[in-house]
Amino acid sequence: GGKGGGKGGGKGGGKGGGKARSRSRDREPESPPRPKTTMPRPVRVYLSQLPRDMEDDELQEIAAEYGAVLQYELHREGAYKCGWVEFATKIEAEKCVQELDDRRMDDWAMKLQAYMYPGGGA
């Protein structure tokens, strides 16, 4: 009698190689991208006790040293002039306030007042 029975069974094995889930958890991006308004809101610096003889373009020139001036306005108020200057960024506005607040101008008795309204639209 011969040795019976060939080695039975083909290569078994089901549909192998399941997708091994890599353990790196897909982290969500920190903040879902919100539709951003392209321009941050401009920041206004209010100025008062400016010299009476100050002109609009003079105001703009002074302010331009601290950043890009978007808009400005100057008007007479009693013994002095006051107005505002609008900068594109808060950094520029803050710099302007730092430099101009309490500053003395030539031939002018009063000290300038420069300030931003608190909580200016952040």
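Analyst: Gladly, and let us begin with the overall order of the elements: read along the sequence, this protein follows the pattern β-α-β-β-α-β. Please keep in mind throughout that what you see is a predicted model.

User: How many helices and strands is that?
Analyst: There are two helices and four strands in the protein.

User: And how much of the protein counts as buried?
Analyst: The protein has 122 residues, and 27% of them count as buried.

User: Okay, charges next. How many salt bridges does the structure hold?
Analyst: The structure holds one salt bridge, and it is formed by glutamate 86 with arginine 44, whose closest N and O atoms are 2.8 Å apart.

User: Is glutamate 86 buried or exposed?
Analyst: Glutamate 86 has a relative accessible area of 8%, so it counts as buried, the cut-off for that word being under 20%. It lies in strand E3, which covers residues 80-87.

User: Switching to the surface: which residues gather in the patch of negative charge?
Analyst: The patch of negative charge on the surface is made by Asp53, Glu55, Asp56, Asp57, Glu58, Glu61, Glu65, Glu73, Glu99, Asp106 and Asp107.

User: Which element gives the largest share of it?
Analyst: Helix H1, residues 56-64, contributes the largest share of the negative patch, with four residues. Aspartate 56 lies in that helix, H1, and with a relative accessible area of 37% this aspartate is partly exposed.

User: And where is aspartate 107 found?
Analyst: Aspartate 107 is found in the loop between helix H2 (90-100) and strand E4 (113-115). At 81% relative accessibility, this residue counts as exposed, as the cut-off for exposed is over 50%.

User: What is its phi?
Analyst: Aspartate 107 has a positive phi of about 55°, although it is not a glycine. That deserves a second look, because most residues other than glycine have a negative phi.

User: Which other residue has a positive phi, near 60°?
Analyst: That is glutamine 49, which is a residue other than glycine as well. Glutamine 49 is found in strand E1, residues 43-50, and at 21% relative accessibility it counts as partly exposed.

User: Now helix H2 itself. Is cysteine 96 buried or exposed?
Analyst: Cysteine 96, which lies in helix H2, is buried, because its relative accessible area is 0%. From C-alpha to C-alpha, cysteine 96 and valine 85 are 9.5 Å apart in space, and they are 11 residues apart in sequence.

User: Last stop, strand E2. Where do leucine 74 and histidine 75 stand?
Analyst: Leucine 74 is found in strand E2, residues 69-77, and it is buried, with a relative accessible area of 13%. Histidine 75 is found in strand E2 too, but this histidine is partly exposed, with a relative accessible area of 34%.

User: How far is each from a residue elsewhere in the sequence?
Analyst: Leucine 74 and glutamine 60 are 9.5 Å apart in space, C-alpha to C-alpha, and 14 residues apart in sequence. For histidine 75 and serine 48, the C-alpha to C-alpha distance is 9.6 Å, and the two are 27 residues apart in sequence.

Key. Residues numbered from 1 in each chain as written. Predicted model: local features only at pLDDT ≥ 70, side-chain atom pairs only at ≥ 80, totals over all residues. Heavy atoms only, no water. Patch = residues over 30% accessible without salt bridge, like charges linked within 9 Å, V, L, I, M, F, W, Y side chains within 5 Å. Areas by Shrake-Rupley, 256 points an atom, 1.4 Å probe, with all protein chains shown as cover. Salt bridge = Lys/Arg side-chain N within 4 Å of Asp/Glu carboxyl O. Lys, Arg positive; Asp, Glu negative; His and termini not counted. Charge placed at Lys NZ, Arg CZ, Asp CG, Glu CD. Buried < 20%, exposed > 50% of the residue type's maximum accessible area, 1.4 Å probe, protein only.
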